[in-house]
Every structure is written in C-alpha cells, then in structure tokens.
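Here is a short walk through a protein structure. Keep the sequence and the 3D view side by side as you read.

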Protein chains: 2
Amino acid sequence: MKTRRTAILDSAARLIQQHGYAHTSVEDVIEAAGLSGKSHFYHYFVSKEELGYEVLDRQFERFTERGLAILREPMIDPGERLNLFIDTLVALQGERDGRGGSPFGSLASEMSEVHEGFRGRLDRVFDRWTQQLQSLLRELQPQLRGDVELRRMARFIIAALEGGMLMARVQRDPGVMQGIGEDLKRYVAMHRRG
Amino acid sequence: MKTRRTAILDSAARLIQQHGYAHTSVEDVIEAAGLSGKSHFYHYFVSKEELGYEVLDRQFERFTERGLAILREPMIDPGERLNLFIDTLVALQGERDGRGGSPFGSLASEMSEVHEGFRGRLDRVFDRWTQQLQSLLRELQPQLRGDVELRRMARFIIAALEGGMLMARVQRDPGVMQGIGEDLKRYVAMHRRG
C-alpha cells in the first residue's frame, strides 16, 4: 500500500513536471495529495526544498531501474542495448504526446542559476547518467574506431536526447524526437569500425 | 541613445536569463531599470507578459542578426559557415563561464507546459532557426550523401546544441559544450559524400 509520504512525493513530482518547481507551492501539494493542511505537510517534510530534493532522487532512481537498466542487460549485444535505450526514451516522449520532456532537463533549466543545492544534485544526476552510458560504450569499444572518446560520446548522446525532448515539448510533435532518436543511432553506427 | 523602453527590455532580458520568467517580477524589473514605480512601468508595457514576449522577440532578432547571420555569408563555403556557427555558440557559452545557456531553451523548458502564448512563440522561434539551418544545408547538399534529410539534420543540430548548453550550465564546465560542438561538426562531416 502506498504510504501517505509516497503519495505526497508522487503528487509533487507530477506538479513539478507540469508546472516547474517555482510554480508549485506547498499549498498545491497539500491540495493534490489530499492533506488536511500545512502542519500535516510539515509532519512529513521539513521544507518544499527537501521535498524537491527527494522528488529528484526518486526520479533518478526510477530512471536507473527502468530506463537505464537496459544498458546493463547482459544477454543483449551492447550496440543493440544502446538502440533499445534510445527507443525507450523516444517511446516515452510519444506516450506523453510530446509533452513533459525530461524531468532532469526541465529542473536543470529552471534551477541551475538560481539554486546551488539543486544544481549540485543535477550535476551528479547527469554525471551518473554519463557514467552508465560510458560503461556500455566501453563494452562496445572493440567494435568502435580507435579515436572515439567514450565519455565525450556519452555526453553527446545525453545532450541530443535532452535537446530533442525539449524541442518535442515546444513543438508538440513526437515525430521530432523520433527523428532525433534515429539520427543518434546512426551517429553511433557511423563510429563503428568499417 | 538608449530609450527608457529599451533600458527596461534589457534589464528584463538579463533578469529572465538569470532567474527565469516566473522568478522575475515587475517589481524586480522596476528596480533594475531604475523606474519610479508601477505606473511608470505600465506606461511602457501593458503587462509582464507583453514585456516577456517583446524580450523573446528581440532576443531572436539579435540571434538572427549576429548568430545566424554567418549562415548566410556568401563568400564562405557552406560547410565552413556551419562550423563557424557552431564555434560561435560554443565560444558564447565559454564567455559566460558555462552559465546562462540558451535564452530560447530556458524559456522553452520553463513555459511550454504552463503558458500557451509563450509555447506558440517559442515554436516559431525554433521553426525559423530550423529553416535557416535548412537553407544552409540545401547549399551544402551537393556535397552530402543522397539519403540525408535536411530538415531532420537541422533539427538534430539544434537539439544537440540546446542539450549541450543545458548540460554546460548544470556542470559549469565550458569543456562540455566544446566537446559537443566538435562532435557535431564531425557528425555533419560524416554525412559528406565519399
């Protein structure tokens, strides 16, 4: 059964994803989670900030378990795993009708300049994501050309995916993200030994 | 001489770039632009929203004149022009110490879900940017492989640049954007014939 605390985190995640952190007030969370009032909220969380941090941590955990898990699947060829990972993000974007975008990208854009606590946490999120892609690329390395820098390629993949989700969100067109996913797979394929 | 109206637009652009639209109040703009009060502000702008729209329009005009102008430079080879354009965005990011990011990307991330007026305007901004890149790629087309879709390649370039600026902003490292710029140039080069 979902605890009250988890319900608050879920409501907050949904509100922050839709409206951003600044546009989400403790009052909004109280209403969405069906709490009786402020003291009820502060029984579970010290502040809006602590709630925001925990929402971010949970989103990255979930992304690691579901999205990034495919990167570590030992029974599938590493190149195929990377393609499946890209397809998964494209499909997710399609399901949401081009809306929503990346929770990390949105929060990064909103908070990097105004909140050092969030910036630091998001820096670690992108860093861990980069590391996980890099591990997969290391497995793929024997098939890649000798001049490929794995860390840089991992960052490039994340940048293209984040930028793609952003554009799909503005243009309300899942086709944008599909095209970027295909181009990204081709980009990696072009670095294979010929 | 800078008019009062222009001074307000400049102050607002700086504040929105640093703090986002939601975190920028009319009061902040009044203070930053040295206005005497609210009625002074409303003498020039009907609302914060109208001010925001005009800030965005001016930023895209400026970007068209300065950033995108290189794409139309007739004396330079189209491939070289594209590389210069990418280098310009990388250099801009470096100057700002990895901060700031793209004014369009930041606003897109903040406003796409919560404000249809801004989303529509940003959609047109990205569309015009895509068109201008596409025109350049059309000039480059005789040098490109036959299966390259120009519009898709233009979008991919913008997505990688926007994602790169976002990551550089979170990671506070201009090297991130440099790597992405180099990889992007290589991406285009890989689609050349022969």
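Helices (H or I, at least four residues) and strands (E, at least two) are DSSP runs, numbered from the N terminus. The model is predicted, and local features need pLDDT of at least 70, side-chain atom pairs count only at pLDDT 80 or more, and totals for chains, interfaces and linings use all residues. Residues are numbered from 1 along each chain as its sequence is written, chains are lettered from A and ligands numbered from 1 in the order in which they are written, and side-chain values use heavy atoms, with hydrogens and water left out.

Start with chain A as a whole. Chain A has 9 helices and 0 strands. In sequence order, its pattern reads α-α-α-α-α-α-α-α-α. The C-alpha trace of chain A spans about 65 × 35 × 30 Å along its principal axes. Chain A has 194 residues, and 54% of them count as buried. Buried means under 20% relative accessible area, exposed means over 50%, and partly exposed lies in between (1.4 Å probe, protein chains only).

Next, take the contacts. A contact means heavy atoms within 4.5 Å. Consider the contacts in chain A between residues at least 6 apart in sequence: 69% of these join residues at least 24 apart.

Now the surface and the charges. The accessible surface of chain A is about 8,500 Å², and carbon and sulfur atoms hold 48% of that area. Areas come from the Shrake-Rupley method with a 1.4 Å probe; for residues, only the protein chains shown count as cover. Chain A carries 28 positive and 28 negative side chains, and the centres of the two sets lie 1 Å apart. Lys and Arg count as positive, Asp and Glu as negative; His and the chain ends are not counted. Each charge is placed at NZ of Lys, CZ of Arg, CG of Asp or CD of Glu.

Turn to chain B and its helix H1, residues 4–19. B:Leu9 is found there. B:Leu9 is buried, at 3% relative accessibility. What does B:Leu9 touch, not counting residues up to four places away in sequence? Its partners are B:Phe45, B:Leu51, B:Glu54, B:Val55 and B:Arg58. B:Gly52 is 43 residues from B:Leu9 in sequence, yet their C-alpha atoms are 8.6 Å apart.

Two other helices of chain B pack together. Helix H5 (residues 78–95) and helix H7 (residues 116–140) of chain B meet at an angle of about 145°, with their axes 8 Å apart. The axes are lines fitted to C-alpha atoms, for helices over the stretch in contact, and angles run from 0 to 180 degrees between N-to-C directions. From H5(B), the residues in this contact include B:Leu82 and B:Phe85; from H7(B), they include B:Trp129 and B:Leu133.

B:Leu82 and B:Leu133 also lead on to helix H8 of chain B. B:Ile157 lies in that helix. B:Ile157 is buried, with 0% relative accessibility. Beyond its neighbours within four places in sequence, B:Ile157 contacts B:Leu82, B:Leu133, B:Leu184 and B:Val188.

Finish at a loop in each chain. A:Arg172 sits between helix H8 (150–171) and helix H9 (174–190) of chain A. A:Arg172 has a positive phi of about 50°, although it is not a glycine. A:Arg172 is partly exposed, at 23% relative accessibility. In chain B, B:Arg172 is found in the loop between helix H8 (150–171) and helix H9 (174–190). Phi of B:Arg172 is positive and near 50°.
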